[in-house]
Amino acid sequence: MADNNIVLIGMPGAGKSTLGIVLAKIMNKGFIDADLVIQNQTDKTLQKIIDALGPEGFIEVENQILSDIKADNSIISTGGSAVYSEDAMTHLAEIGTIVYLKISYEQLVERLADLQERGVVLKGGIGMSLRELYDERKPLYEKYADITVDVNDLSITAAARKVADALEKAEA
């Protein structure tokens, strides 16, 4: 099992998928979007899984699939809820460096128009506010991160370069 992967974690809207593709090009690595892996393996959209199984059921599915991801020299973009799954996070930490894409609550509000359409797991139910979601997940991202990169006010390319630089410094 290779440990040369980079695992991106962070809030929905922090840019994990988009930035991950750019980062893969900059660093000459493969790219795996964990949300798409989940959709391919279940043959359902994330929102359909959440609708069918509820937030807890989705987290179980996500945990199982993420715990089985095999990758080599790749950027792995996880869903924002990956940090609810301890087994998955332990596995991901074993196969790579975990990078937390940190974004302020204010930037998040600007980037996320409608949570319900994004297949976002609201553990507290549909009534859960974005603020509550942010406050609940932030400590989890901080707990699992090997490296934290602040991506506020940066374009995707600038943010990807900042992540690449942070990774190079960490290896030095």
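Predicted model: local features only at pLDDT ≥ 70, side-chain atom pairs only at ≥ 80, totals over all residues.
User: Gladly noted. How many aromatic pairs does the structure hold?

Analyst: There are two aromatic pairs. Rings of Phe, Tyr and Trp (its six-membered ring) pair if their centres lie within 6.5 Å; planes under 30 degrees apart count as stacked, over 60 as edge-to-face and the rest as tilted.

User: Why is the pair of Tyr-100 and Tyr-141 called stacked?

Analyst: The ring centres of Tyr-100 and Tyr-141 are 5.2 Å apart, which is within 6.5 Å, and their planes meet at 25°, which is under 30 degrees, so the pair is stacked. This pair links distant parts of the chain, with Tyr-100 in strand E4 (residues 96-102) and Tyr-141 in helix H6 (residues 130-144), 41 residues apart. Helices (H or I, at least four residues) and strands (E, at least two) are DSSP runs, numbered from the N terminus.

User: What makes Tyr-100 count as buried?

Analyst: Buried means under 20% relative accessible area, exposed over 50%, and partly exposed in between (1.4 Å probe, protein chains only). Tyr-100 has 2% relative accessibility, so Tyr-100 counts as buried.

User: How do you know whether Tyr-105 is buried or exposed?

Analyst: Tyr-105 is at 19% relative accessibility, which is under 20%, so Tyr-105 counts as buried. Tyr-134 is at 7% and counts as buried as well.

User: On to charges. How many salt bridges does a search of the whole structure find?

Analyst: The search finds two salt bridges. The term means a side-chain nitrogen of Lys or Arg within 4 Å of a carboxyl oxygen of Asp or Glu.

User: What makes the contact of Arg-131 and Asp-135 a salt bridge?

Analyst: The side chains of Arg-131 and Asp-135 meet at 3.1 Å, N to O, which is within 4 Å, so the contact is a salt bridge. These two are four residues apart in helix H6, so about one helical turn separates them. Arg-131 has a relative accessible area of 34% and is partly exposed, and Asp-135, at 42%, counts as partly exposed.

User: Which residues form the other bridge?

Analyst: The side chains of Glu-142 and Lys-138 meet in a salt bridge at 3.1 Å, N to O. Glu-142 and Lys-138 are four residues apart in helix H6, which means a separation of about one helical turn. Glu-142, at 39%, counts as partly exposed, and Lys-138, at 25%, counts as partly exposed.

User: Which residues gather in a patch of negative charge on the surface?

Analyst: Glu-106, Glu-110, Asp-150 and Asp-153 gather there. Patches are made of residues with over 30% relative accessible area and no salt bridge, and like charges are joined within 9 Å. Asp and Glu count as negative.

User: Why is Glu-110 called exposed?

Analyst: Glu-110 has a relative accessible area of 66%, which is over 50%, so Glu-110 is exposed. Glu-110 is found in helix H5 (residues 105-111).

User: Where does Asp-153 lie?

Analyst: Asp-153 is in the loop between strand E5 (147-150) and helix H7 (156-171). Its relative accessible area is 66%, so Asp-153 is exposed. Phi of Asp-153 is near 60°, a positive value in a residue other than glycine.

User: What is the phi of Asn-73?

Analyst: Phi of Asn-73 is near 50°, a positive value in a residue other than glycine. Asn-73 lies in the loop between helix H3 (46-67) and strand E3 (74-77). With a relative accessible area of 30%, between 20% and 50%, Asn-73 is partly exposed.

Definitions and conventions
Residues numbered from 1 in each chain as written. Heavy atoms only, no water. Patch = residues over 30% accessible without salt bridge, like charges linked within 9 Å, V, L, I, M, F, W, Y side chains within 5 Å. Areas by Shrake-Rupley, 256 points an atom, 1.4 Å probe, with all protein chains shown as cover. Charge placed at Lys NZ, Arg CZ, Asp CG, Glu CD.
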